[in-house]
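Work through the exercises below with the model open. Try each task before reading its solution.

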Amino acid sequence: MVPDLLFQVLFSIVPALPRAALGPVARATSRLEYGLSRGRRDAVLSNLAHIARTGHPSLSDSHSRERAARSIFACYHRFLLEYFAQGSLDARALDTRFRFRGMETLYRALEGGRGAVLSMPHIGNWELAGV
């Protein structure tokens, strides 16, 4: 019941935030979670330590892993805020965020009546692909 209420509140509040506020809010909430959620923090640091043992050069010391863990938390919080804000996006807002190039190639492939396979990079919030 509490998680449902929290989701309803977030889906109501976050879309009202200015887009420029999402980054600072994500950084603030991620710092709060990072400090208060020892289990999640330790899990991320443990995963990064495992990656470091495989020889990843930028994770060789604990300070680097700590910085990476904080960045992971911040990225995740940004994703969450974008997810909660997506309800406020209309077609015009989506058009300003996404550009499609080479669509003629896709249309040409579809003209054959056999469909087409698309391969695209994952950049940003994948949840927006369903909007």
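Rings of Phe, Tyr and Trp (its six-membered ring) pair if their centres lie within 6.5 Å. The model is predicted: local features need pLDDT of at least 70, side-chain atom pairs count only at pLDDT 80 or more, and totals for chains, interfaces and linings use all residues. Residues are numbered from 1 along each chain as its sequence is written, and side-chain values use heavy atoms, without hydrogens and water.

**Exercise 1.** Find which residues ring pairs link into a cluster.

Solution. Start with the total: the structure holds seven aromatic pairs. Then trace the links. Ring pairs join F7, F11, Y76, F79, Y83 and F84 into a cluster.

**Exercise 2.** Determine how the axes of helix 2 and helix 3 cross.

Solution. Helices are DSSP runs (H or I, at least four residues), numbered from the N terminus. Take helix 2 (residues 22-36) and helix 3 (residues 38-53): their axes, lines fitted to C-alpha atoms over the stretch in contact, come within 6 Å and cross at roughly 90°. The two helices are therefore roughly perpendicular (65 to 115 degrees). Next, list the contact (heavy atoms within 4.5 Å). Helix 2 gives E33, Y34, G35 and L36; helix 3 gives R38, R40, R41 and L45.

**Exercise 3.** Identify the salt bridge partner of D42.

Solution. Apply the rule: a side-chain nitrogen of Lys or Arg within 4 Å of a carboxyl oxygen of Asp or Glu. D42 pairs with R38, with the closest N and O atoms 3.3 Å apart. The two residues are four apart in helix 3, so about one helical turn separates D42 and R38.

Notes. Axes fitted to C-alpha atoms, helices over the stretch in contact; angles between N-to-C directions. Parallel < 35°, antiparallel > 145°, perpendicular 65-115°, else oblique. Phe/Tyr/Trp six-rings, centres within 6.5 Å; stacked < 30°, edge-to-face > 60°.
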